[in-house]
Amino acid sequence: MAQPDFNDRMLSLGLARVSEAAALASARLIGRGDEKAADQAAVNAMRDQLNLLDIAGTVVIGEGERDEAPMLYIGEEVGTGKGPEVDIALDPLEGTTLTAKDMPNALTVIAMGPRGSMLHAPDVYMDKLAIGPGYRTGVVTMDMSPAERVNALAAAKGCSTEDITVCILERPRHEDMIAELRSTGCAISLITDGDVAGIIHCAESDKTGIDMYMGSGGAPEGVLAAAALKCMGGQMFGRLTFRNDDERARAAKAGITNLDRVYTRDDLVTKDVIFAATGVTDGSIVAGIKREVGYLTAETILMRSKTGSVRRMIYRNPV
């Protein structure tokens with residue numbers, strides 16, 4: 001029996017409902033200081049909604065390996081099983097710390113594509129580089145030093161390096177990179193968590209003020225960010241990094257043999273996908289959950305790479 005086609009148009013609204021449900025569930029834990037409870041609330045709601053969709057879904061980017069995550073683990077099957085075979089990449093709460101501390105840019109994030117459309121990235125670090133749309137291919141590369149990247153992007157943009165803003169996760173491992181970038185005169189936007197949002201910022205630089213993202217963060221989040229850029233436009237590069245033999249074994253288990261490969265956006269996400277993200281706390285991409293008398297209001301960004309469409313939707317949910 002032939003498999004149903006991946007109907008991204010019909011599935012997109014269902015995907016928005018999945019991210020909305022996760023955001024609304026975690027909203028009651030904003031500012032409560034309990035990261036695990038906020039994440040678990042988002043996981044439960046996201047899983048329940050996914051299981052209502054007519055898909056034969058497999059989680060390829062999830063909360064971790066099966067023995068580490070009770071739900072939405074890598075390899076978990078979701079959906080009714082009656083629809084097309086799809087790959088799902090998700091982060092039920094991108095920014096658990098941001099939620100617990102009521103800080104900006106916490107999101108619920110999910111992407112879906114046909115089976116085999118997304119890299120099965122192991123749970124290791126990835127060195128990432130991203131810029132927005134409108135630049136020639138190769139204007140910045142992974143082989144360039146951080147300073148060379150800023151100079152190259154400034155030349156392509158026709159501006160001074162002082163007019164370039166780079167987004168970086170604030171981590172001790174990035175101190176040397178930050179020092180080198182300071183020498184160019186560029187501005188640096190440091191974020192405490194949430195590098196999916198950090199990379200998405202590059203796609204809307206006129207709105208966010210972010211021209212480039214660089215630095216290392218989770219490889220699974222890299223695939224999610226690539227799915228967003230495939231819809232919005234922009235370039236992304238990633239190289240897996242390994243700290244020990246256990247992490248190399250994780251890559252081998254995921255079928256990765258070339259440990260030094262530089263992945264482009266279209267290597268990370270090879271086919272057309274749909275992407276949804278809902279704000280939990282206020283951010284520069286979407287607004288956070290708003291409490292009104294008798295209602296919770298959520299804002300979702302919903303995108304399809306096939307058409308390049310970007311929708312922003314407001315959902316008001318009675319409570």
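Me: What volume does the second largest pocket have?

Reply: In this model, which is a predicted one, the second largest pocket has a volume of about 160 Å³.

Me: And which residues line the second largest pocket?

Reply: Its lining is made up of V60, E65, I74, H120, A121, P122, D123, R250, K253 and A254. Sorted by class, the lining of the second largest pocket has 5 nonpolar residues, 1 polar residue and 4 charged residues.

Me: How much space lies in the largest pocket?

Reply: The largest pocket holds about 880 Å³ of space, and 37 residues line it.

Me: How do the lining residues of the largest pocket divide by class?

Reply: They divide into 14 nonpolar, 9 polar and 14 charged residues.

Me: You mentioned α2, so let's move to helices. At what angle do α1 and α2 pack?

Reply: Helix α1, residues 8-27, packs with α2 at an angle of about 150 degrees, and their axes are 8 Å apart. Because angles over 145 degrees count as roughly antiparallel, α1 is described as roughly antiparallel to α2. The crossing in which α1 passes α2 is right-handed.

Me: Which residues meet there?

Reply: On the α1 side they are R17, V18, S19, A21, A22, A25 and S26, and these meet A38, A41, A42, A45, M46, Q49 and L50 in α2. By class, this contact of α1 with α2 comprises 10 nonpolar, 3 polar and 1 charged.

Me: Which residues make the contact?

Reply: From α6 the contact uses D195, V196, I199, I200 and A203, while α8 contributes E221, L224, A225, A228, L229 and M232. The contact of α6 with α8 has 9 nonpolar residues, no polar residues and 2 charged residues.

Me: What about α4 and α5, at what angle do they cross?

Reply: Helix α4 (residues 146-157) and helix α5 (residues 175-182) cross at roughly 40 degrees, and their axes come within 8 Å. That makes α4 oblique to α5, and α4 passes α5 in a right-handed crossing.

Me: And which residues meet in that pair?

Reply: P146, A147 and V150 in α4 meet M177, E180 and L181 in α5, and the residues of this contact divide into 5 nonpolar, no polar and 1 charged.

Me: Last topic: where is S309 placed, and what is S309 in contact with?

Reply: S309 sits in strand β14, which covers residues 309-318. Leaving aside its neighbours within four places in sequence, S309 is in contact with L302, M303 and R304.

Me: What separates the C-alpha atoms of S309 and G31?

Reply: The C-alpha atoms of S309 and G31 are separated by 33 Å, and these two residues are 278 residues apart along the chain.

Note on methods
Residues are numbered from 1 along each chain as its sequence is written. This is a predicted model: local features need pLDDT of at least 70, side-chain atom pairs count only at pLDDT 80 or more; totals for chains, interfaces and linings use all residues. Side-chain values use heavy atoms; hydrogens and water are left out. Contact means heavy atoms within 4.5 Å. Helices (H or I, at least four residues) and strands (E, at least two) are DSSP runs, numbered from the N terminus. Ala, Val, Leu, Ile, Met, Phe, Trp, Tyr, Cys and Pro count as nonpolar, Asp, Glu, Lys and Arg as charged, and the others, Gly among them, as polar. On a 1 Å grid over the protein atoms alone, a cavity is a set of points where a 1.4 Å probe fits but cannot get out, and a pocket is an open set with protein on both sides within 12 Å along at least five of seven lines; lining residues have an atom within 4 Å of a point. Grid points are joined across faces, edges and corners, and a volume is the space filled by probe spheres set on the points. Axes are lines fitted to C-alpha atoms, for helices over the stretch in contact, and angles run from 0 to 180 degrees between N-to-C directions. Angles under 35 degrees count as roughly parallel, over 145 as roughly antiparallel, 65 to 115 as roughly perpendicular and the rest as oblique. A crossing is left-handed if the near helix is turned anticlockwise from the far one by less than a right angle, and right-handed if clockwise.
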